[in-house]
Amino acid sequence: MIVRVFMFLVLISATSVAAEDFTGSWSIVYPKNGVEQYDDYFELYLIQQGNEICGLHFGSARGTAKIDSSFGSDPSPTVSGEVEKNRAKIEIRSSHSVAPIEGTFVHHGGFGEWRVNDPGEDRPITIPVRAELNTVPPVDLGPIDLEELCSQ
């Protein structure tokens, strides 16, 4: 009987894989047309609470001539999502799009893989279709308290 209980507990612990925590700053810098001085950026600043994600984003295009950011005089969360193990379904509300951009963000330890679900014509150029983002040290968001912003 004790052996059966032990085997049952081992089976349960083996099948329940802990979910990755998406909390943190994620960033990619990529040269536009291979010219280093015209780098574009895509960044996500995320907080995970349970299986929910909330956060801010920053994207640039055309060598930062076009900016898409949730930072401003009245910031509000522009990233929301739901986590299942190491994968999150995320929506980004871009200032350059009427509809939210839906995508998948997969956590691979020190980096994450972003992919837009439907890269249709309405997607703003400030949000890449695919990107491999790295975790970066916490970014100073100035007067913005992301935890407070996401708890409202």
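Biologist: Cysteine 150, buried or exposed?
Modeller: Cysteine 150 counts as buried, at 12% relative accessibility. The cut-offs are under 20% relative accessible area for buried, over 50% for exposed and partly exposed in between, with a 1.4 Å probe and protein chains only. This is a predicted model, where local features need pLDDT of at least 70 and side-chain atom pairs count only at pLDDT 80 or more, while totals for chains, interfaces and linings use all residues. Residues are numbered from 1 along each chain as its sequence is written, and side-chain values use heavy atoms, with hydrogens and water left out.

Biologist: What does cysteine 150 form with cysteine 54?
Modeller: A disulfide (cysteine sulfur atoms within 2.5 Å). The sulfur atoms of cysteine 54 and cysteine 150 are 2.1 Å apart. The angle about the S-S bond is -85°, a left-handed link.

Biologist: How many disulfides in the whole structure?
Modeller: The search finds one.

Biologist: Salt bridges next. How many?
Modeller: Two are found in the whole structure, taking a side-chain nitrogen of Lys or Arg within 4 Å of a carboxyl oxygen of Asp or Glu. Arginine 115 meets glutamate 113 at 3.2 Å, N to O. Arginine 130 meets glutamate 113 at 4.0 Å, N to O.

Biologist: Which parts does the arginine 130 bridge tie together?
Modeller: Arginine 130 lies in strand 9 (residues 130–136) and glutamate 113 in strand 8, so the bridge ties together parts 17 residues apart in sequence. Glu113, Arg115 and Arg130 are linked in a network of salt bridges.

Biologist: And how exposed are the residues in that network?
Modeller: Arginine 130 counts as exposed at 55% relative accessibility. Arginine 115 is partly exposed at 37%, and glutamate 113 is partly exposed at 28%.

Biologist: Switching to aromatics. How many pairs?
Modeller: The count is three aromatic pairs. The rule takes rings of Phe, Tyr and Trp (its six-membered ring) with centres within 6.5 Å; planes under 30 degrees apart are stacked, over 60 edge-to-face, and the rest tilted. One of the pairs is phenylalanine 22 with phenylalanine 105: the centres are 5.7 Å apart and the planes at 50°, so the pair is tilted.

Biologist: Where are phenylalanine 22 and phenylalanine 105?
Modeller: Phenylalanine 22 lies in the loop between helix 1 (2–15) and strand 1 (24–32), and phenylalanine 105 in strand 7 (residues 101–107), so the pair ties together parts 83 residues apart in sequence. Phenylalanine 22 is buried at 0% relative accessibility, and phenylalanine 105 is buried at 0%.

Biologist: What about phenylalanine 42 and tryptophan 114?
Modeller: Their ring centres are 5.9 Å apart with the planes at 45°, so that pair is tilted. Phenylalanine 42 is in strand 2 (residues 35–49) and tryptophan 114 in strand 8 (residues 111–116), so the pair ties together parts 72 residues apart in sequence. Phenylalanine 42 is buried at 0%, and tryptophan 114 is buried at 0%.

Biologist: Which residues do ring pairs link into a cluster?
Modeller: Phe22, Trp26 and Phe105.

Biologist: Which elements supply its lining?
Modeller: Strand 1, strand 2 and helix 2 (146–150) each supply at least two residues of that lining. Strand 2 has the largest share, three residues. The lining includes Tyr45, Leu46, Ile47, Asp145 and Glu147.

Biologist: How does the lining of the largest pocket divide by class?
Modeller: Seven nonpolar, three polar and two charged. Nonpolar covers Ala, Val, Leu, Ile, Met, Phe, Trp, Tyr, Cys and Pro, charged covers Asp, Glu, Lys and Arg, and the others, Gly among them, are polar.

Biologist: And the second largest pocket, what lines it?
Modeller: 13 residues, of which Pro100, Ile101, Asp118, Asp122 and Arg123 lie nearest its centre. By class, that lining has five nonpolar, three polar and five charged residues. The volume of the second largest pocket is about 190 Å³.

Conventions: Helices (H or I, at least four residues) and strands (E, at least two) are DSSP runs, numbered from the N terminus. On a 1 Å grid over the protein atoms alone, a cavity is a set of points where a 1.4 Å probe fits but cannot get out, and a pocket is an open set with protein on both sides within 12 Å along at least five of seven lines; lining residues have an atom within 4 Å of a point. Grid points are joined across faces, edges and corners, and a volume is the space filled by probe spheres set on the points.
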